[in-house]
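Please look over the sequence and the model shown here.

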Amino acid sequence: FEQNNWKRFQKIGLFSYDMVYYDPVPITNNNEDAVVPSAILSNGADEEERWGSTLLYGARDVAKIWATDRLKSIESYQQWLGSATNSTSFLVDYLLNQKWGLLGYVAVRNICFRPYATITDEGQHNKECTFAAQSATTMSVIDKVPGLVVLGMHRSGTSLLSGLLVKGLSYVVPGKVMVANNGNQYGYFENDNVSFQNDVWLNEQSMHWNKLNIRTDEKDSRVIVGGFDPNFSCITDYCAKAKHKKLNYFQNRKRALLDFNNSTLPWLLKDPRLCITLSMWLPSLKGAPPAVLFTFRNPLEVAKSLARRKINNVKLLSNGMKLWIWYNRLSLLNSQSLCRVVTSNEAVIRDPVSEISRINEELTKCGLPSRPLNATALLDFFHADIMHVSENNNNQKKNDATTNNEEDCIIPPLESGLLITENNLQNVYMKAMTVFCDLKNGKAFKENYVWPLLPSVV
């Protein structure tokens with residue numbers, strides 16, 4: 001299923017189908033690497049039922065171990081079982097922490113359920129369970145949303161947006177932050193270790209931020225060929241050992257997770273490469289799944305900005321716009337299960353105070369606390385000239401597309417001076433600007449949206 005649908009499950013639950021579950025089971029709790037049920041006392045007596053000996057939910061790699069690689073034989077399991085006081089939780093702990101060295105956290109939770117075969121009348125459907133482990137946490141605890149992830153293509157104003165959130169709403173970027181330089185003199189608002197780890201994952205698949213090795217099928221744009229494969233890279237020590245990764249493979253990731261998971265204030269996680277690697281981070285971030293703030297910008301302006309870069313530039317405008325399409329497509333694909341707020345570079349520049357205020361309100365609907373808005377600090381940071389987007393707003397408006405509804409998209413003609421430089425530029429320009437229109441009118445966010453054909457590798 002994962003290979004056919006180009007997805008990777010972050011959490012997996014292993015449940016018996018012949019059971020009645022009396023309470024909802026929140027398998028999306030990112031604080032827990034592995035959860036097993038507390039033993040249920042039989043009819044309130046001291047004898048424990050062993051119904052839950054196969055039930056487990058948690059991180060994908062943990063569930064894989066539990067399902068496929070416990071002990072060598074039934075005899076060895078029974079021999080080991082005789083020495084365990086709580087068979088399931090102790091076995092999971094042994095597999096994670098001793099056998100595979102994952103250093104995972106095993107939680108015992110009071111989950112009320114019983115086999116269909118033991119239910120003799122309808123009244124037993126409402127029967128409460130008596131648990132052996134009274135200290136286990138019940139399933140009513142709801143984790144707080146710890147922070148937000150800013151997603152957007154390179155040169156799309158993600159640094160400006162993040163800076164406004166930090167200065168105006170007091171979000172924090174924990175850990176060592178990438179220093180400002182000539183490419184972005186007001187700062188990137190990125191954790192260095194997040195960026196370094198993203199590079200590790202991309203580089204081991206012969207990829208770079210501007211080389212994704214991805215294309216669509218020649219006739220069906222729904223089919224994605226190549227690109228980043230989460231199953232090739234690793235997010236656990238177990239996987240790293242099995243695939244013989246270098247000893248320092250997780251060095252940056254571990255440092256970054258210490259920064260974010262120990263933050264006491266709502267954090268902000270930003271790096272344009274997260275559009276590609278987001279699924280590699282989500283299972284290890286503590287708390288409820290983070291909110292996502294997605295932003296986008298005119299593709300031609302992005303492509304021109306990429307071409308102007310002195311280092312790591314993308315010379316061809318057509319390649320820059322192809323990258324723009326893929327980054328935006330992957331952003332929406334990888335964040336489709338998360339609570340997502342949408343903005344745009346245009347909206348931020350037009351009225352930064354009003355737009356950040358709106359974003360603040362929308363993020364509260366995702367579970368983040370409302371943050372006091374410091375308009376003075378926000379405006380002190382905001383400068384129209386910090387954008388590496390266009391020389392002036394009039395130039396940006398000249399290249400912009402206008403939309404009134406889903407069916408109305410007016411795309412301005414491409415500057416004649418650019419047409420003679422690249423053979424396929426007009427075709428790619430129309431595809432990118434159509435997506436840009438559909439992001440503005442909301443059509444691109446629909447599940448059945450048809451992305452353009454991009455049969456050549458970028």
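## Basis and overview

This is a predicted model, in which local features need pLDDT of at least 70, side-chain atom pairs count only at pLDDT 80 or more, and totals for chains, interfaces and linings use all residues. Residues are numbered from 1 along each chain as its sequence is written, and side-chain values use heavy atoms, with hydrogens and water left out.

The protein chain holds 17 helices and 17 strands. Helices (H or I, at least four residues) and strands (E, at least two) are DSSP runs, numbered from the N terminus. Of the 458 residues, 52% are buried. Buried means under 20% relative accessible area, exposed means over 50%, and partly exposed lies in between (1.4 Å probe, protein chains only). Contact means heavy atoms within 4.5 Å. Among contacts between residues at least 6 apart in sequence, 74% join residues at least 24 apart.

## The parallel sheet

Four strands make an open sheet, in the order β13-β10-β14-β15, and the pairing is parallel. Two strands count as paired if DSSP finds at least two bridges between them. The edge strands are β13 (267-270) and β15 (340-342), each pairing on one side only. From one strand to the next, the twist averages 25 degrees. Strands of a sheet pair through backbone hydrogen bonds, either parallel or antiparallel.

Now the individual pairs. Strand β10 (residues 147-151) joins β13 through four bridges. Here Leu 148 stands opposite Leu 268 in β13. β10 also pairs with β14 over four bridges, in the parallel sense. There Leu 151 faces Phe 294 of β14. Three bridges link β14 to β15, and Val 292 stands opposite Arg 340 in β15. Which faces of strand β14 (residues 291-294) are covered? Both are: Ala 291 and Leu 293 lie on one side, Val 292 and Phe 294 on the other, and all are buried.

## Antiparallel pairs with β6

Strand β6 (residues 56-59) pairs with β3 in the antiparallel sense, over two bridges. Val 35 stands opposite Tyr 57 in β6. In strand β3 (residues 34-37), Ala 34 and Val 36 point one way, Val 35 and Pro 37 point the other way, and all are buried.

β6 also runs antiparallel to strand β1 (residues 11-14), with four bridges between them. Leu 14 has Leu 56 in β6 as its bridge partner.

## Helix α5 against helix α13

Two packed helices are described by the angle between their axes and the distance between the axes. Helix α5 (residues 158-169) and helix α13 (residues 352-364) pack at about 80 degrees, with axes 11 Å apart. That makes α5 roughly perpendicular to α13. Angles of 65 to 115 degrees count as roughly perpendicular, under 35 as roughly parallel, over 145 as roughly antiparallel and the rest as oblique. The axes are lines fitted to C-alpha atoms, for helices over the stretch in contact, and angles run from 0 to 180 degrees between N-to-C directions.

Leu 161, Leu 164, Leu 165 and Leu 169 of α5 meet Pro 352, Ile 356, Ile 359 and Asn 360 of α13. The residues of this contact divide into seven nonpolar, one polar and no charged. Ala, Val, Leu, Ile, Met, Phe, Trp, Tyr, Cys and Pro count as nonpolar, Asp, Glu, Lys and Arg as charged, and the others, Gly among them, as polar.

Helix α11 (residues 317-334) has 18 residues, which should span 26 Å at 1.5 Å a residue; its end C-alpha atoms are 26 Å apart, which agrees. The expected span is 1.5 Å times one less than the number of residues. α11 is mostly covered, with 16 of its 18 residues buried.

Just after α17, Gly 442 takes a positive phi of about 95 degrees.

Asp 438 lies in helix α17. Asp 438 is buried, with a relative accessible area of 6%. Leaving out residues up to four places away in sequence, Asp 438 touches Lys 443, Ala 444 and Tyr 449. Asp 438 and Tyr 449 are 11 residues apart in sequence and 9.2 Å apart in space, C-alpha to C-alpha.

Ile 349 sits in helix α12 (residues 345-350). Ile 349 counts as buried, at 15% relative accessibility. Ile 349 and Gly 157 are 192 residues apart in sequence, yet 9.3 Å apart in space, C-alpha to C-alpha.
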